[in-house]
Amino acid sequence: MSQPNPSTKPLPLAAGGTLRGTVQVPGDKSISHRALLFGAISEGVTRIEGLLPAEDPLSTAACLRAMGVGVSEIRAGEPVTVEGVGLDGFQEPADVLDCGNSGTTMRLMLGLLAGRVDRHFVLTGDGSLRGRPMRRVGGPLAEMGAVIHGRKGGNFAPLAVLGQPLRGTTIHTPVASAQVKSAILLAALTAAGPTTVIEPAQSRDHSERMLRAFGAQLEVGGPGLTQVTLTPGASLRGQDVVVPGDISSAAFWLVAAAITPGAQLTVQNVGLNPSRTGILEVLEQMGARITVLNSRDVAGEPVGDLQVSHGPLQAFEIGGDLIPRLVDEIPVLAVAACCAEGTSRIRDAEELRVKETDRLAVMARQLGAMGARIEEFEDGLAITGSSPLHGAVVDSETDHRVAMSLAVAAGIATGDSLLHRPEAAAVSYPGFWDDLARLRQPT
């Protein structure tokens, strides 16, 4: 367990009250990263509305600027322009590329840079990112001819990428991961011959949707849409991209309203891509009162408004192919489980151990401090609900999703809580604490 940083101020979280009103969550983090990256390797200008102005996309933008890509300043509420340099226009940077805390930035950059022949790149990040495994991307890229060196046999950053000619091939990934798949597809854009990625289950498909919109030749098929083939040769063209609200950020409000007595919230403009809506299926399984309003399609992505109110919840069981479709929402689902009737079980979620933190261990530890009856397994959790949570001193352990999940838990606890390192939320949701203060109402 990492220790609290004494230089940051813990945040008091008051118990009691309810939640009412309307909220618009920040732009989808996954789509924001991809809009920047795909715009950079396109011909012409890409204009992005609703891009998430948080630390992770800022890291992606900074890396692109270091390689000669024009990216306008990123400010909340303002469109961002990316001046594309084409598929092979990256300059060799004069310094190490700093990916901050963003695993998406580092993993997708590996795919993007592997085929930049005769150019050398070094990627690093903060202490957390330097401890996250990267061979899951480097291994498949090596099958295409990539040369990536790093600590522990190329598993940990700093990582050096020596640009090489790449060859198309068929790659079976051991886990369903949108980051691994996307890195391979980015490398495939400059490979000799088609590349096929076959996953054990379908992961998020934002890359496939957006690459098609930018002009890439890409086919999706196989049982469960788990097979993607990219044929190189098509030039990418700059696009106008509208980023919908991030359902992973909306999840905190969906769970908060579902478990907080008297709550009623409407979360506007949420991306409802079917590869991301596992959270809605689980909440429906629990009996949560959620209604989708104003369904529409924006730039190839389904979008809608979500209305949610408090009500009784039943325990859930999740595992298998559903996990890749809600992997980032499991921390807050663990909070929902504390308020449900019966014992909820999460299986096949070992992927959470290699996120910003070991999220299974961290949520078991922090919710346990609040009195949750929670048992940790190698691949998941068992949580017995209907035991009241009590206020406690808790810690985000530097993980943005943990910080916001603990805020949701603190709202329904008996007694106030104190959260160490609340600033972690800014990684994906810079305005979270302001929104929470605005939506919280006395009962």
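User: At roughly what angle do the axes of helix α1 and α7 cross?
Analyst: In this predicted model, the axes of α1 (residues 29–40) and α7 cross at roughly 35° and come within 10 Å. The crossing of α1 past α7 is right-handed.

User: Which residues make the contact of α1 with α7?
Analyst: From α1 the contact uses S30, I31, R34, A35, F38 and G39, and from α7 it uses H206, S207, M210, L211 and F214. By class, six residues of this contact are nonpolar, four are polar and one is charged.

User: Turning to sheets, what is the strand order of the one with β10, β11, β12 and β13?
Analyst: The order is β10-β11-β13-β12, in an open sheet with mixed pairing. The edge strands are β10 (170–172) and β12 (217–221), each of which pairs on one side only. On average, neighbouring strands of this sheet are turned by 15° against each other, direction ignored.

User: How many bridges do β12 and β13 pair over, and is the sense parallel or antiparallel?
Analyst: There are five bridges between β12 and β13 (residues 227–231), in the antiparallel sense. As one example, Q217 has T231 of β13 as its bridge partner.

User: And which strands of the sheet does α6 touch?
Analyst: Helix α6 (residues 178–188) packs on the sheet and touches β10, β11 (195–198), β12 and β13, its direction making about 175° with that of β11. Helix α7 (residues 206–214) also packs on this sheet, where it touches β12 and β13; the direction of α7 makes about 145° with that of β12.

User: Where is R237 placed?
Analyst: R237 is in the loop between β13 and β14 (240–242). With a relative accessible area of 48%, R237 is partly exposed.

User: What is R237 in contact with, leaving aside neighbours within four places in sequence?
Analyst: R237 is in contact with S42, E43 and F214. F214 is also one of the α7 residues in the contact with α1.

User: How many bridges join β20 to β21?
Analyst: Five bridges join β20 to β21 (residues 380–384), and the two strands run antiparallel. Among the residue pairs, E376 has L381 of β21 as its bridge partner.

User: Is T357 buried or exposed?
Analyst: T357 counts as buried because its relative accessibility is 11%, under the 20% limit. T357 is found in the loop between β19 (343–346) and α11. Not counting residues up to four places away in sequence, T357 touches L352, V362, E397, T398, D399 and V402.

User: Last topic: how many residues has the largest nonpolar core?
Analyst: The largest nonpolar core has 78 residues, and W253, I318, L367, M370 and F432 are those with the most contacts inside it. Helix α8 (residues 247–259) gives the most to this core, with 11 residues.

User: What does L367 touch, not counting residues up to four places away in sequence?
Analyst: L367 touches A334, V335, C338, A372, I374, L406 and A409. A second, separate core has 63 residues, including I31, I41, I74 and A191.

Conventions. Residues numbered from 1 in each chain as written. Predicted model: local features only at pLDDT ≥ 70, side-chain atom pairs only at ≥ 80, totals over all residues. Heavy atoms only, no water. Pairing = 2+ DSSP bridges. Helix = DSSP H or I, 4+ residues; strand = E, 2+ residues; numbered from the N terminus. Axes fitted to C-alpha atoms, helices over the stretch in contact; angles between N-to-C directions. Contact = heavy atoms within 4.5 Å. Buried < 20%, exposed > 50% of the residue type's maximum accessible area, 1.4 Å probe, protein only. Core = buried A, V, L, I, M, F, W, Y, C linked by side-chain atoms within 4.5 Å. Left-handed = near helix turned anticlockwise from the far one by under 90°. Nonpolar A, V, L, I, M, F, W, Y, C, P; charged D, E, K, R; others polar.
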